[in-house]
Amino acid sequence: MPTRTQVLEIEGREVTISNPDKVFFSQSGHTKLDLVRYYLAVADGALRGVRARPMALKRFVHGAAGEFFFQKRAPESRPDWIETVELSFPSGRTAHEIVVRDAAQLAWIINLGCIDLNPHPVRAVDLDHPDELRVDLDPVPGIEWPQIREVAMVTKEALEDHGLVGWPKTSGSRGIHVYARIEPRWTFTEVRRAALALARDVELRAPDLATSKWWKEERHGVFLDYNQNAKDRTVASAYSVRPLEDARVSAPLRWDEVPDCDPAEFTIDTVPKRFEAIGDPAEGIDDAPGSLEPLLELSAQHEEAGLGDAPWPPHFAKQEGEPPRVQPSKRREPAPPEGAVPPPAPGKTVGPTGRRRTTKPLIEIARAATKDEAMQGLERWKARHAAVWAKLEPADVLVDSMRGRNTTWTRIRLNLEHVPKAERPSQEALEVDYDPWEGYEGPDRSGQFERPKRRTRG
């Protein structure tokens, strides 16, 4: 019989690990207990990234390959030494989230099935003023690792030119994160405004490599996701193990390591040895918080030049000065002549529906509960349309992480504008057709219980 529980003595507290032998990473065989012991081995570094910050719990109760869900509210059943703080969200809702300060608390949340750590960019003592600017370098499909590293180095220069020190780390997935500690005296809106100015500055410095464009169909190269600085957004912190089969880690780097680093080298097995050998490359991150004033001055210059705000995340209320929150391919065309009936929307056999028509030739491939399932659907589509696939550019593959009830799901669309009209395949039945609301009878995120029936594609 496998061991059902194991009690660890950590900093004078007893932490019970349930199902310690449960395999969390099927490829490598690492168990839940292995995951806990990893975090204890790098606790000084992991705590530097999360200490005193409220944290959303991203729980993988069935391991890295299983479905996950976000839990903002702290479990009601918890030890009295688990601290919480009440946060308010853009929706107007509130929740008490866990605040981690020591290794025992860290081990306790890992036992809940949290593989990676997702803290907010604020401290519990001041929830309204972030103390870090987060730069998330997110490559479009097809962009290789060398270009991401190159954009990271441009980001370093841009930060330094505006008086900030950047601290890089691999994201543990496809990108690089660069954090800059700031004085906690600006609001979330001001920090996001500064992040947008930085993204546009990096794009100006490396126009062929980087983009600040929010809509995926307009992006190229590496996207600097300024919206990660909006309130209620979280990013996997330093030393987080990511839910990938090789148990890859979001690893802090020295800047001289960035030009040659390989993210696959940083795993649950290698990072503790690296930590013991060289310590934490981010050890000095809290020593000299900087000012946002130079970046806010740059933002004012952008505004004077005609560059206003950029789109916010979809779950935020429309912001003052925000441009239309409609992706370019769905912006309204001029009204048809009186009496004319517009054609059906892509993928539809009847029309009009009153919805915006796409101006780009988009087709949808998959809606899936997981990204892996969606990508498998894309592979099947590619096998049938190899000649069409060869004509697509990396930015033509639109992979969107969509919000469901308590988790996310994945949508894949293709932009066929680079395919000659005569060779464009029509909308087909989806390779994977997942409905995140199936069987759910509660209110949607707008508070409404009634929602229109979903039409199937065919």
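This is a predicted model: local features need pLDDT of at least 70, side-chain atom pairs count only at pLDDT 80 or more; totals for chains, interfaces and linings use all residues.

Glu11 is exposed, because its relative accessibility is 57% and the cut-off for exposed is over 50%. Glu11 sits in the loop that runs between β1 (5-10) and β2 (13-18). On the surface it belongs to a patch of negative charge, together with Asp44, Glu283 and Asp287.

Now the salt bridges; the structure has 34 of them. Take Arg181 and Asp286, whose side chains meet with an N to O distance of 2.6 Å. Arg181 is in strand β12 (residues 176-181) and Asp286 in the loop between α6 (270-278) and α7 (293-304), so this pair links parts 105 residues apart in sequence. Arg181 is buried at 6% relative accessibility, while Asp286 is partly exposed at 35%.

A second pair is Arg193 with Glu303, where the closest N and O atoms are 3.2 Å apart. Arg193 belongs to helix α5 (residues 188-205) and Glu303 to helix α7, so parts 110 residues apart in sequence are tied together. Both are partly exposed, Arg193 at 30% and Glu303 at 42%. Back to Arg181 and Asp286: shared partners place them in one salt-bridge network with Arg53, Arg123, Asp131, Glu132 and Arg134.

Glu160 is partly exposed, at 44%.

Gln71, in strand β6 (residues 69-71), is buried at 15% relative accessible area. Its side chain reaches the backbone oxygen of Arg73 at 2.9 Å.

Notes:
Residues are numbered from 1 along each chain as its sequence is written. Side-chain values use heavy atoms; hydrogens and water are left out. Patches are made of residues with over 30% relative accessible area and no salt bridge: like charges are joined within 9 Å, nonpolar side chains (Val, Leu, Ile, Met, Phe, Trp, Tyr) within 5 Å. Accessible areas come from the Shrake-Rupley method with a 1.4 Å probe; for residues, only the protein chains shown count as cover. A salt bridge is a side-chain nitrogen of Lys or Arg within 4 Å of a carboxyl oxygen of Asp or Glu. Lys and Arg count as positive and Asp and Glu as negative; His and the chain ends are not counted. The place of a charge is taken as NZ of Lys, CZ of Arg, CG of Asp or CD of Glu. Helices (H or I, at least four residues) and strands (E, at least two) are DSSP runs, numbered from the N terminus. Buried means under 20% relative accessible area, exposed over 50%, partly exposed in between (1.4 Å probe, protein chains only). A polar contact is a pair of N or O atoms within 3.5 Å; within protein, one must be able to donate a hydrogen and the other to accept it, and residues adjacent in sequence count only if both atoms are side-chain atoms.
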